[in-house]
Amino acid sequence: MMHLTAFNRAEQGHILTPRLETPFHDQLAALSETNDWYSWAGYKAPHSIFDTELEYFAIRSTSALFDISPMVKYRIRGSDAARYLNRLTVRDVAKLGVGRVHYTAWCDDHGHVLDDGTLFRLATDDFRLCCQERHLPWLLDSAGGFSVEISEETAEIAAVALQGPTAFAVLEAAGFAGVETLKPFQLAEFAHADGSVTISRTGFTGDLGYELFAPAKAALSLWDRLWTAGSGFGLKAIGYDALNRARIEAGFIVANADFITADAALRADRERLPDEIGLDWLVDPQKPYFNGRDAILRARTKGTLKHVLVGLEIEGNIPAEGAIVYHRGKKEVGLVTAAIWSPLAKRNIAIATLSRPFGASVTDNLWVEIYAMRELQYQKLMKRVRVVSRPFVKLDRRSATPPGRF
Amino acid sequence: MKKYDVVMIGGGHNGLVTACYLQRAGLDVIVLEKNAWVGGAATSRELTPGFLYSNCSYVCSLFRPEIMRDLELPKHGLQVISYEGGAVFTRDGDYLASYRDHDSHRREFARFSKRDAEAYDRYARDVTRQCRFIQPLLMRTAPDPFSFKPRDLQEMLYLAKKFGDFSPAEMAATLRFWTMSIADFLDEYFETDVVKAYLALSGIIGTALGPMSPGTAYVLLHHYMGEVDGSVGAWGYARGGMGAVTSALASSFKASGGTIRTGADVAKIMTHRGKATGAVLADGEEVLGKLVVSNADVKRTFLKLVDESALPERFVHRVRHFKMRGSSGKLNIALDSLPEFPALPSGSSCIRGDLHFTDTIERMEKGYDDWKAGRWSADPFVDMMIPTTLDPTMAPPGKHFVSCFVQYCPPKVEGNDWTDADRDAFAETVIKQISDYSPGFRERILHMEVRTPREIEQEVGLTEGNIFQGELTFDQLLFNRPVPGYAQYRSPVRGLYICGSSTHPGGGVMGAPGRNAAAEILRDLRHAPSHMSSAHDVI
């Protein structure tokens, strides 16, 4: 083992590359026609690769590869791992079988959501937690009294999402035999190169899709394997802007975009209970004690929940991103955090946070004010909205098992 | 004999801020400055040809942007430049850098501890929350809790409401923060010595307390609540040195018709029947004024300039016991070339920021132990900056001005007055420490100014050389600063006001005390302060 000081010094040069490249960067850079990069948690990530519009249709009509390596990943192992995660997160981990994945969230003592993410049960005592923000001190501090080992493995594990109607066909052509048996939220290991890749039937698009996790050094060969297999199935590399459209249609929320995580909130009133951001269905009051439990249940009993996150359908076809929501066209009751014209639903949709009771018991007479900039002039539009359930788009192919080939 | 509307004693930054606001309100103001130059502790001095020294204060963040704007300081030459970060060197030959880029900053911390790297955001959030609470209080006169005047009641209510808006958890956090030691506070977030040492420095600068002394967490906040152009907590260099702040103020003051007399050393504040009537200079000349405002610290003002017989006994007692202890010294150095730090990779941005050589809190605390024993720290804490890496105006091309703030440095050496030999030995301690990390540093020195509390008191007039005109501990803040019952810039002597850092909200080149004092004076004169902006909203 390298001496600690020597290790520290070897890392000094990180400042020379303040934007790290993901394990897939070489391929992304080679494919990129737009050279349109942004920083995702300190990594170069593409807004687009060739054309956002067409990239979106790759997700919905053929298949798309999206590099999710910058997503923060923690590994939790040990004989108490399940018990530990059950105390940490709001959903019941005892119900999460080996080889399964579930979407979950975790809260501070006041029940305020620290983040949402996906929990992968790789083995009885081996889990991977994926999320948007960084939580190592929180995870370590929560581990007192549990026999667990927690490590951060963001850089070590390359991850890519393969999403779209031909996603299964691509995997099949790539030789991942047996992948057809995977049901939604199920994972399995498959041989790749001289190691293995974990494939889960998960994604952020609401479509048929998979996520592949492999050691960083296997990333390039994994990409090539998929890319070659995908040539007959319309496989395209995509950037975040296309994915974002798909995730809005699927009704998924993004931390620090659709809600503010408690650790990032400079203003205390921005913190949110799970029930205030549409995550009430994750909370399992029947399971053993978990962090934030009492505060969440108290707010439910006392009726002190202040906000609600809802799906909106807006009349007209102008996206309402950032629009203020009004009741009776006058009283300000909330904010649209994400909005698009949905090509798949042919509807004008949005995700919004409203102050209760609006959006909860009062859902009529709601409006959004859209400021549409058209050739240096705002067209102010007051449009009626309807609170609708999410997802905005529900695709049978997402859950069909065995999956279809297109 | 001419009688001015206002006689300002001292031309430091707060005195000049007050003078500017009063002159702009139509009053006839004269500033009396004992030195041949204005600026107090915000000066740029050419002590060796071609080099400008920021020879007291050396960085800028706290100076309120509202004041810069009200007094048109940019028009009068003030420019503040953000700088890039900095580093603390470790004894094993490594360093911990601070970078402006969020992810680089995290990766740098991760070299030492992955946990600490990911703890920084929560730490920054908590400190920022405290800053957001205190920022609006800076530009308001603290209420007198014993007064029943409508305005005091209203201000108490404002404070209570601000505090009352907190959740119980936030209230607890605030109370803890205002009273904890910086070491304890940092322990709640971080595990690595060097990370804590780097962050702790803001909790002890200018303060005669160690990092383990209660109250130092607040001192840290005092250094975080500034900004450069809206970037809260950021620090910058005043282009041309800290004298650029006061020369812009002086220029603004003169442009609105004010009078500055340098070389005018005030020996006494004249009083007649409990009212201030002017100042007597060292040569006996009298300068008459309807009002007198003192920019000098509270001890100098009331224990030296005002006759004790004109003051209430308890007031004098409180002033005497106001904590204003000298704890720091300063080396200002002209260098022939940029110093080398073998630990830093070439081209590192760290050299353009603050450099430290103290890698554990324990070393800082031991430095404080020396101070308690009446000695300067054998292993001092040095905040070293090289503004000429960003500012081309302060030294000839290729040459550099180095500012070294040094702590701890006692007001007396084992009970005796400082001697020149002590001063030189103190300087040697510092140069030796720097040379340990920068071989050849000594050989590059072209000129050096060494300032112990003795020199700072003699020249700048700060009692014991205390840079804040009184320590920033909770017992000496808000309506207790400097003396309970006299926290509103007034004094027991009618017509005599104080406007320096001894008053709320305290020290640093902030200008808020001077601005608030002007507001109170104008209130007494029933003059609407329409030319004075309120604090920018914290939204």
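This briefing describes the chains, domains, strands, helices and cores of the structure shown above. The structure is a predicted model, in which local features need pLDDT of at least 70 and side-chain atom pairs count only at pLDDT 80 or more, while totals for chains, interfaces and linings use all residues. Residues are numbered from 1 along each chain as its sequence is written, and chains are lettered from A and ligands numbered from 1 in the order in which they are written.

**Contact between the chains**

- Between the two chains, 22 residues of chain A are in contact with 24 residues of chain B; two residues are in contact if their C-beta atoms, placed from the backbone, lie within 7 Å.
- On the side of chain A that touches chain B, helix H1 (4–10) and helix H5 (136–141) of chain A each supply at least two residues. Helices (H or I, at least four residues) and strands (E, at least two) are DSSP runs, numbered from the N terminus.
- The residues on this side of chain A comprise nine nonpolar, eight polar and five charged. Ala, Val, Leu, Ile, Met, Phe, Trp, Tyr, Cys and Pro count as nonpolar, Asp, Glu, Lys and Arg as charged, and the others, Gly among them, as polar.

**Domains of chain A**

- The assignment for chain A gives domain 1 (19–71 + 155–250) and domain 2 (262–388); domain bounds come from an automatic or database domain assignment.
- The C-alpha centres of domain 1 and domain 2 of chain A are 30 Å apart.
- Five residues of domain 1 of chain A are in contact with eight residues of domain 2 of chain A.
- Helix H3 (52–61) and helix H8 (240–250) of chain A each supply at least two residues of the side of domain 1 that touches domain 2, and the largest share, three residues, comes from H8(A).
- That side of domain 1 of chain A divides into two nonpolar, no polar and three charged residues.

**Strands of chain A**

- Six of the seven residues of strand S12 (residues 209–215) of chain A are buried, so S12(A) is largely enclosed by the rest of the structure. A residue is buried if 20 or more other C-beta atoms lie within 10 Å of its own, exposed if 12 or fewer, and partly exposed in between, with C-beta atoms placed from the backbone.
- Strand S9 (residues 157–163) of chain A runs antiparallel to S12(A) and is joined to it by seven bridges; two strands pair if DSSP finds at least two bridges between them. Ala161(A) stands opposite Glu211(A) in S12(A).
- Strand S11 (residues 195–200) of chain A is also antiparallel to S12(A), with three bridges, and Ile199(A) stands opposite Leu212(A).
- Strand S15 (residues 324–327) and strand S16 (residues 331–342) of chain A run antiparallel and are joined by four bridges, with Val325(A) opposite Gly334(A) in S16(A).
- S15(A) and S16(A) form a hairpin with three residues between them, and Arg328(A) in the turn has a positive phi of about 55 degrees.
- S16(A) pairs with strand S17 (residues 347–355) of chain A in the antiparallel sense over eight bridges, and Gly334(A) stands opposite Leu354(A) in S17(A).
- The hairpin of S16(A) and S17(A) has four residues between the strands, and Lys346(A) takes a positive phi near 50 degrees.

**Covered helices**

- Helix H4 (residues 81–88) of chain A has six of its eight residues buried, including Tyr84(A), Leu85(A) and Asn86(A).
- The buried residues of H4(A) pack against strand S4 (72–77), strand S5 (101–107), strand S6 (113–123) and strand S7 (126–131) of chain A.
- In helix H8 (residues 193–204) of chain B, eleven of the twelve residues are buried, among them Lys196(B), Tyr198(B) and Ser202(B).
- H8(B) is followed by Gly206(B), whose phi is positive, near 75 degrees.

**Nonpolar cores**

- The largest nonpolar core has 166 residues, and Val7(B), Met8(B), Leu32(B), Ala200(B), Val245(B), Leu249(B) and Val293(B) touch the most other members. A nonpolar core is a set of buried Ala, Val, Leu, Ile, Met, Phe, Trp, Tyr and Cys residues joined through C-beta atoms within 7 Å.
- Leaving aside neighbours within four places in sequence, the contacts of Val245(B) include His13(B), Cys60(B), Phe63(B) and Val509(B).
- A second, separate core of 116 residues includes Ala105(A), Ala158(A), Ala159(A) and Val385(A).
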